[in-house]
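Please read the points below with the sequence and the model open side by side. They are arranged by region and by type of contact.

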Amino acid sequence: MARALITGIAGQDGSYLAELLLAKGYEVVGFDRLASCADAPNLSAVGGSIEYIQGDLLETGALTAAVEQAGASELYHLAAPTFVPDSWNDPSETIRAIVGSSAELLSAALAQEARPKVWVSASAEVFGDTDASPQAEESPMRPRSPYGVAKLAALGLVRTMREHHGLFACAGILYNHESPRRPAQFLPRKVTRGAAAIALGLEDELVLGDLAATRDWSDARDIVGAMMLAMSAERPSDYILASGEGRTVGQLVEVAFAAAGIADRVRDCVRVDPALVRPPEPIAPVGDPSRAERELGWERQISFEQMIAEMVQADLVDLRGAS
């Protein structure tokens, strides 16, 4: 039976990947900093079906010990800081958490007698001030945040280990991907929760920044499906995982308000705060997923509208319960 280790299993991507692998007949081992699966709401459906290892990315040797204990044939390294603005507060910790953990996991994989396959999640933040849109795997990478710098270094490590040691190592350049499990500090969840709160009469307005800002949004369940496809491919490679379509924050708001049944209230209930408006990006952050589509046969199953509707519905249920 195939066996997989997922770091960051309690998060959005990790929990969905665990469910997918279990459905495919895998044994799944999870690594996360929570005390147990019982403390992870995202694992409520599968917590009893996984082996769990508590650990911290910043603790030297923790990942090495997890790899040795798991004895897995596939390693999915998803654990990392995810909120880009936080990387400005402590760049050194961001570098250690992203680059250091990726290096330790890759080294641990090399040290195993039967070398496991490795997946490392990178980010569209590696492109930064690129001059191409949509971005492909070969597009110039000029990150403009400590988070982006760290993700670029992790991506480089994967490529170097693959070429030098022949390790089956893949990296995903992940664009924005959402779901009802997305934490509240991220913009799409702020929008869906705001729409739900207004629909229920709990809030009067939703305060946002630039409604013209563009992002490339996909559903997290489609993204983790691509990870599994990449690890099943004949040869390892790196893949952009994105929808290939840019949408504005304003479009996100319209879809969310429509899903909440208040489409006619966007104009009255959405307020732009100039303090939240950032300088416009010269190049739209939109990914070109054609390599993943061509080489892996990847097809996205969940539309943007369905994804946002599910998020709004989850927020409606949650807010009704809270009130």
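1. Pro-134 sits in the loop that runs between strand S5 (117-123) and helix H4 (146-165), where helices (H or I, at least four residues) and strands (E, at least two) are DSSP runs numbered from the N terminus. The peptide bond that joins Ser-133 to Pro-134 is cis, with omega at about 0°. This is a predicted model, in which local features need pLDDT of at least 70 and side-chain atom pairs count only at pLDDT 80 or more, while totals for chains, interfaces and linings use all residues. Residues are numbered from 1 along each chain as its sequence is written, and side-chain values use heavy atoms, with hydrogens and water left out.

2. The structure holds 22 salt bridges, a salt bridge being a side-chain nitrogen of Lys or Arg within 4 Å of a carboxyl oxygen of Asp or Glu. One of them pairs Glu-137 with Arg-291, with the closest N and O atoms 4.0 Å apart. Because Glu-137 lies in the loop between S5 and H4 and Arg-291 in helix H9 (residues 290-296), this pair ties together parts that are 154 residues apart in sequence. Both Glu-137 and Arg-291 are buried, where buried means under 20% relative accessible area, exposed over 50%, and partly exposed in between (1.4 Å probe, protein chains only).

3. Which residue meets Arg-221 in a salt bridge at 2.7 Å, N to O? The partner is Glu-310, and the pair links distant parts of the chain, with Arg-221 in helix H6 (residues 220-231) and Glu-310 in helix H10 (residues 304-322), 89 residues apart. Arg-221 also forms a salt bridge with Asp-219 (2.8 Å, N to O). Asp-219 counts as buried at 1% relative accessibility, whereas Arg-221 is partly exposed at 26%, and Glu-310 is likewise partly exposed at 26%.

4. A network of salt bridges links Asp-129, Arg-144, Arg-215 and Glu-281, and it deserves a look alongside the pairs above.

5. Asn-42 belongs to the loop between strand S2 (27-32) and strand S3 (51-54), and its relative accessible area of 17% makes Asn-42 buried. From there, the side chain of Asn-42 reaches the backbone oxygen of Ala-10 at 3.0 Å.

6. Finally, please check Asp-90, which is placed in the loop between strand S4 (74-77) and helix H3 (91-111). With a relative accessible area of 32%, Asp-90 is partly exposed.

Notes
Polar contact = N/O pair within 3.5 Å; in protein donor to acceptor, adjacent residues only side chain to side chain.
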